[in-house]
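Open the structure in your viewer and keep the selection panel at hand. The stops below go one chain at a time.

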Amino acid sequence: MTFNSWEFLLFYPIVATLYFVLPKKLKWQMLLIASYYFYMCYQAELVFLIFGTTLISWLSSNMISRTESKGVKKLWLTLTLIICLGVLFFYKYFNFLSGSVSGLISYFGGEPSRVVLDLVLPVGISFYTFQTLSYVIDVYRGEVEVERNFFFYALFVSFFPQLVAGPIERPGNLIPQLKEPKRFNSADAKKGAKHMIVGFFKKVCVADALSLYVNEVYNAPTEAGAIAIIIATVMFAVQIYCDFSGYTDIAIGCARVMGIKLMKNFDHPYLATSIKEFWSRWHISLSGWFKDYLYIPLGGSRCRKWRHLLNLFIVFLVSGLWHGAAWTFVIWGAIHGVYQIIGNLTAPWRDKLVCKLGFSKTSPVVVWVRRAVVFILVCFSWLFFRANSMSDAVVLLKSLFVSGWGVTLGDNLALMGLDAVGIVMSILSVLTLIMIDKLLVYEDVEDGSDVLVKNGSFIYFVWMILFVWATLLARDVTSTFIYFQF
Amino acid sequence: MLLFSYPIVLIALAAIIAIHAIAALVRDCASRILTYINIVLHLLLLIPLILYKFKLEEAVLVYMISVFAYTLISYIKYLLFERKAEGVSEIDNKKTDTGECEEVADDI
């Protein structure tokens with residue numbers, strides 16, 4: 001049951017109505033049952049994994065809080081890390097590691113004996129594992145009070161709007177809100193509904209529509225010319241943003257209707273003027289997690305320069321691996337790590353150059369040039385992220401930099417299936433998206449008045465979403481959310 | 001684009017966009033009435049779309065133009081009136097925008 005399925009359109013109103021109708025004591029219990037039902041609609045057979053992870057992290061956090069001995073606390077924390085990360089590793093990375101090792105053996109002339117297990121990747125495992133780990137670590141550090149009620153803690157881990165693709169919530173933000181159920185509030189409901197509509201617009205009208213053209217190129221890399229690769233990669237940059245931020249908007253909207261405020265996960269990432277800033281605007285909950293639980297424990301920036309740069313690289317390498325068990329994701333993470341290192345080393349020179357050219361750092365010319373450079377660098381890394389395999393990525397790069405410039409623009413567009421209607425649609429949808437994003441930020445400020453939707457005019461958007469949805473269904477191309485696979 | 005060679009489709013689309021614009025300028029009650037009229041027009045537009053059996057993509061484009069026009073008008077209205085009236089909010093926006101980024105950027 002994805003957010004963009006008919007089942008969810010039935011499921012969510014029932015849950016939201018029950019939430020407001022039921023007495024206070026029963027609200028969270030109903031949410032827990034609904035969340036587990038939501039998860040079991042994906043993979044009923046793997047529900048024991050999320051339950052097991054929840055149980056282990058709850059038990060260990062309780063043991064940590066009960067003991068005064070630092071050694072025992074550390075032991076419980078280590079045990080939890082080994083078990084939770086072990087489960088994640090086994091289901092997500094075992095086959096990848098086995099394949100890589102046997103590839104390495106055969107490269108050196110040995111006899112490879114690859115062990116391949118028939119494993120299904122549990123939906124959202126990376127998200128809920130990180131959420132449970134952040135809870136146990138926070139309890140260990142004494143930053144969060146331990147939750148004695150197991151079932152209540154289980155709701156924190158499995159709360160359905162953010163269960164399968166985040167935002168990765170912190171216990172300090174979500175648990176107090178779940179404990180204080182709200183009464184129906186029309187302002188919250190309106191804001192929530194607006195977020196959901198915008199999320200659906202991003203997913204259905206932009207991401208799914210663009211995916212048609214992107215898939216044509218990335219599924220047939222040998223036929224693609226350089227121009228087709230450039231257009232498809234730029235389109236993928238928009239697609240993945242709309243897909244993931246669309247999911248987040250729907251999640252935030254679902255929770256907001258029930259009076260629960262989830263954390264912001266995106267903040268106009270393509271307006272970033274540096275890669276460093278890009279990562280503080282893209283998938284904010286994951287960047288924050290890595291900062292608090294990996295980067296800072298590694299020493300952060302308060303150490304020698306080379307160690308600081310190494311810390312940055314490690315964080316982005318792990319981030320790449322978190323996104324998927326494939327070399328394309330590892331390379332994607334490594335590229336961002338290298339960007340960070342180069343950015344860090346060249347920052348003073350770049351500032352001097354801007355001064356020498358007679359511009360201030362905040363002048364619009366400098367800001368937009370920097371934004372353009374960051375966008376190009378990010379798009380280059382998306383090529384690896386989207387490629388179906390490393391060999392596909394190599395073919396695409398070869399075509400992009402060497403052999404693909406002989407193909408005419410017309411042939412490139414024909415390969416993508418991009419006709420005049422498609423071009424106009426794509427441009428209009430992206431322009432609409434940019435304006436909606438701006439207006440939403442304005443309206444989210446507490447005293448911001450309704451500009452985007454008033455007097456029932458949101459029906460235009462609902463109409464548009466339904467129409468595109470029906471069209472995509474007719475062509476059998478509606479897709480799941482990209483980040484579900486992580 | 002065959003769809004746009006039919007005057008009835010063009011007239012309906014022009015009417016929809018004009019109503020979007022007028023609804024953004026008039027007061028609440030009149031704006032609401034115009035919105036309902038526009039919703040009916042959107043529904044009526046389905047008739048020629050079905051009758052002439054256009055490709056679905058072309059039909060989607062008609063509605064996309066309507067949504068784009070609506071958002072653009074809302075955006076222009078925001079730039080012209082709301083932004084000036086809510087100058088304080090705009091400053092707050094900027095604060096949260098850069099403040100958050102710089103705080104995190106210091107670390108990673």
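Select chain B: five helices and zero strands (DSSP runs, H or I of at least four residues for helices, E of at least two for strands, numbered from the N terminus). From the N terminus, the order is α-α-α-α-α. The model is predicted, with pLDDT of at least 70 needed for local features and 80 or more for side-chain atom pairs, while totals for chains, interfaces and linings use all residues. Residues count from 1 along each chain as its sequence is written, chains are lettered from A and ligands numbered from 1 in the order written, and side-chain values use heavy atoms, without hydrogens and water.

Colour chain B by burial. Of its 108 residues, 43% are buried (under 20% relative accessible area; exposed is over 50%, partly exposed in between; 1.4 Å probe, protein chains only). Chain B exposes about 6,100 Å², 70% of it from carbon and sulfur atoms (Shrake-Rupley method, 1.4 Å probe).

Next, select residues 24-43 and 47-66 of chain A. These are helix 2 and helix 3, packed at about 135 degrees with axes 9 Å apart. Show side chains: Tyr36(A), Tyr39(A), Met40(A) and Gln43(A) of helix 2 meet Val47(A), Ile50(A), Phe51(A) and Thr54(A) of helix 3 (contact: heavy atoms within 4.5 Å).

Last stop: helix 16 of chain A, residues 409-416. Asn412(A), Leu413(A) and Met416(A) are buried there. They span an arc of only 95 degrees around the axis, so they lie on the same side of helix 16 of chain A. Just after this helix, Gly417(A) has a positive phi of about 75 degrees.

Conventions: Axes fitted to C-alpha atoms, helices over the stretch in contact; angles between N-to-C directions. Arc of directions from axis to C-beta.
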